[in-house]
Amino acid sequence: MRALTKSRFKLGLECPNKLYYTKKKDYANQKLDNPFLEALASGGFQVEELAKLHYPDGILIEDKKSDSAYNYKEKILETNKLLERENVVIFEAAFQFNNLFIRVDILEKKGNQINLIEVKSKSFQKGNPKKDVKYNTDWKFYLFDVAFQKYVIEKAFPEFIVTPFLMLADKNKKTTIDGLNQLFRVTKKTDNRTGVQTHISKLENPRQESVLSTVDISNIINDIESGKHRILKDFDFEDAIQLFAKAYAEDRYFDYDLNFQVCKKCEFKTDNDNQNLKSGFKECFSKKMGWKEADFNEPNAFEIWDFRRWSKLNDSGVFKLKDIEDEVFGDKTDSFVKMPRINRQLIQKYKSIENDFEPEVLKEALKSEMDTWIFPLNFIDFETSMVALPFYAGQKPYEQVVFQFSHHILFEDGRIEHANEFINLNPGEFPNFEFVRALKLALEQNQGSIFRFSNHENTVLNQILEQVYDSNLADKNDLFEFIQGITRAVESSPFPSWIGSRCMIDLCQVIKDYYYNPYTKGSNSIKEVLPAVFKTSQYVINKYSQPLANLKVTSKNFKPSKIWITKENGEVVDPYKSLPPTHKDHDDSFELIGEMDEINNGGAALTAYGRTQYTDMDDRERKNIRKALLKYCELDTLAMVMIYEHLLELTRNRFDF
């Protein structure tokens, strides 16, 4: 049976054409390989197990990982048997109507009254207009998912009266349990679906101990069922479901109009790792746009940084940069001091069309900005995690956890020192206050300018500022003053607005304001900017083609023989891809490790931290992860130094300084 399950239904919500490609083994699917890793990083499985503790008499319809495939019939029979009881709570209840099949996270039956409870690790905050549950782009897919489940239950059992709920991490609640997040351990040794071993048998008082709350979403679901909110603009909810079900059963391409903004994130693309598979993305464009292979090599709107006019492109069907009129981008601004967003987009457009890879630089304005910076220059980078379940009693869900920093210093004479680093991977330890003390000690070595890359570090320190304020630390006032001294207030801050006397400078914003490198294809991520610099900066190329031992550069994690710029087949190797494997000595039975062999991006670092917190591992494995994280974070701050050197090269018009 080709059953339309709720996970496949959610794909159809994103784009109906995806229904055709899901589960086709000969098509690339970039999301297929890592649901476990995503749940590990976010704490999703732990939230699911905590939710079950709210219903101590609940009965699980088990679905073991060792099962070769879902046995729909068996699960449905088990569910139906339990539903014969007057009152019952079922975990993973199974329902089928025609070729629609669902599993319900938690189903509470009281007579013919059914409470349908969908558990998510997503957070909400009642009373906060920006974070409360309502129909918008943030909640849309969750709400349609629940509406779909309600539809299947009511069709399978018309006598039931179904009330839909979401169970979510409640930002207004604080747990009374110390080490709550350590009570749910992830392991591949258990045979249950989530892979979580629960080290707590029950909650004495879920309202106080848990950080989860249920939200009645009946009114929103009624609006979906009535057609106020639609999946397909010309069809009501039930008709849309039937169209999805029919297309999926017939294994038929849905032929839905392309939405370029959705297409940009399509998971059915091929890349260097899956070239032997078919591309659903290319197939869609070939069917709907008539594209041939050569068309995919032409510059298109996906490459444009911060493009916001997708509806205009969808309406016109125009997608290649050469066909998009300048007016579509918006009104250009006459500015020679900085690159306004639209000006920068148009620079990118014409450089892409003309195959011009020469960086665009506002040299005089950039030089004026750089002349305000005070030596020695400090470059810092953080690695962080926001986990659903708190570390300590008195904490709310998704408290910011910052477990690592790297700190490089560039002196006026050109010396580069990897001066400081911090990392704490100890399970169950809340590292934030120790982290801030170490950062304070590092940055108070001098009074030079401090650089970050993007808003992340400023946002994190704002969040830690609140934690410090709420604490009883002996050095509370000193830490508070230090954090405010190097940051600026974020919009959500509960404190009066401020800009620190030594406020961090955002090097990423400097790039956006004064510099565009065509090799980045519009991305301002440090993971794209650094390889682009490696291709265009003669100074950086000459310098970092040598071993560290030959340079005035120290390192805490790389050998003196390390060479950062190397080539394969005439192309410069991406330095992040040159980082070593993290788990050479892992237990092969722990399958997820093979999917994160290298820590070379923030997502992999986040997942690695999740593994150190929620999985059982030996000292050797923990040591390997620690080494890999230290190298990754050091490269981030060294990358900032290299980018600075390139900007200096451009503004001084020389290659030796």
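Is Glu-444 buried, partly exposed or exposed? I will start there and then go through a few other places in the structure. Please keep in mind that this is a predicted model.

Glu-444 counts as partly exposed, because its relative accessibility is 43%. Its side chain meets that of Lys-440 in a salt bridge, with 3.3 Å from N to O. Lys-440 has a relative accessibility of 19% and therefore counts as buried, the cut-off for buried being under 20%.

As background, side chains of opposite charge can pair when their charged atoms come close. The structure holds 41 salt bridges. I will show two more of them.

One is between Asp-26 and Lys-278, whose side chains meet at 3.4 Å, N to O. How exposed are the two partners? Asp-26 has a relative accessible area of 37%, so it is partly exposed. Lys-278 is partly exposed as well, at 43%.

The other is between Glu-491 and Lys-130, where the closest N and O atoms are 3.3 Å apart. Here too, distant parts of the chain are linked, and the two residues are 361 residues apart. Glu-491 belongs to the loop between helix H18 (476–486) and strand E14 (505–506). Lys-130 belongs to the loop between strand E4 (113–124) and helix H6 (140–156). Both residues are exposed.

Next, charge on the surface. A patch of negative charge is formed there by Asp-323, Glu-325, Glu-327 and Asp-331. Of these, take Glu-325, which is found in the loop between helix H12 (310–316) and helix H13 (326–329). Glu-325 counts as exposed because its relative accessibility is 53%, and the cut-off for exposed is over 50%.

Now the backbone. Most residues other than glycine have a negative phi, and most peptide bonds are trans. Asn-98 lies in the loop between strand E2 (87–97) and strand E3 (100–110), and its relative accessible area of 54% makes it exposed. Asn-355 also has a positive phi of about 55°. Asn-355 is in the loop between helix H14 (341–353) and strand E9 (360–361); with a relative accessible area of 56%, it is exposed.

For the peptide bonds, the case to look at is the one joining Phe-375 and Pro-376, which is cis, with omega about -5°. Pro-376 is in the loop between helix H15 (363–370) and strand E10 (377–387).

Last, a residue in the interior. Leu-635 lies in helix H23, residues 619–652, and counts as buried because its relative accessibility is 0%. What is Leu-635 in contact with, leaving aside neighbours within four places in sequence? The contacts are Leu-530, Trp-564, Pro-575, Tyr-576 and Leu-579. Leu-635 and Asp-381 are 254 residues apart in sequence, and their C-alpha atoms are 9.6 Å apart in space.

Technical notes. Residues are numbered from 1 along each chain as its sequence is written. This is a predicted model: local features need pLDDT of at least 70, side-chain atom pairs count only at pLDDT 80 or more; totals for chains, interfaces and linings use all residues. Side-chain values use heavy atoms; hydrogens and water are left out. Patches are made of residues with over 30% relative accessible area and no salt bridge: like charges are joined within 9 Å, nonpolar side chains (Val, Leu, Ile, Met, Phe, Trp, Tyr) within 5 Å. Accessible areas come from the Shrake-Rupley method with a 1.4 Å probe; for residues, only the protein chains shown count as cover. A salt bridge is a side-chain nitrogen of Lys or Arg within 4 Å of a carboxyl oxygen of Asp or Glu. Lys and Arg count as positive and Asp and Glu as negative; His and the chain ends are not counted. The place of a charge is taken as NZ of Lys, CZ of Arg, CG of Asp or CD of Glu. Helices (H or I, at least four residues) and strands (E, at least two) are DSSP runs, numbered from the N terminus. Buried means under 20% relative accessible area, exposed over 50%, partly exposed in between (1.4 Å probe, protein chains only). Contact means heavy atoms within 4.5 Å.
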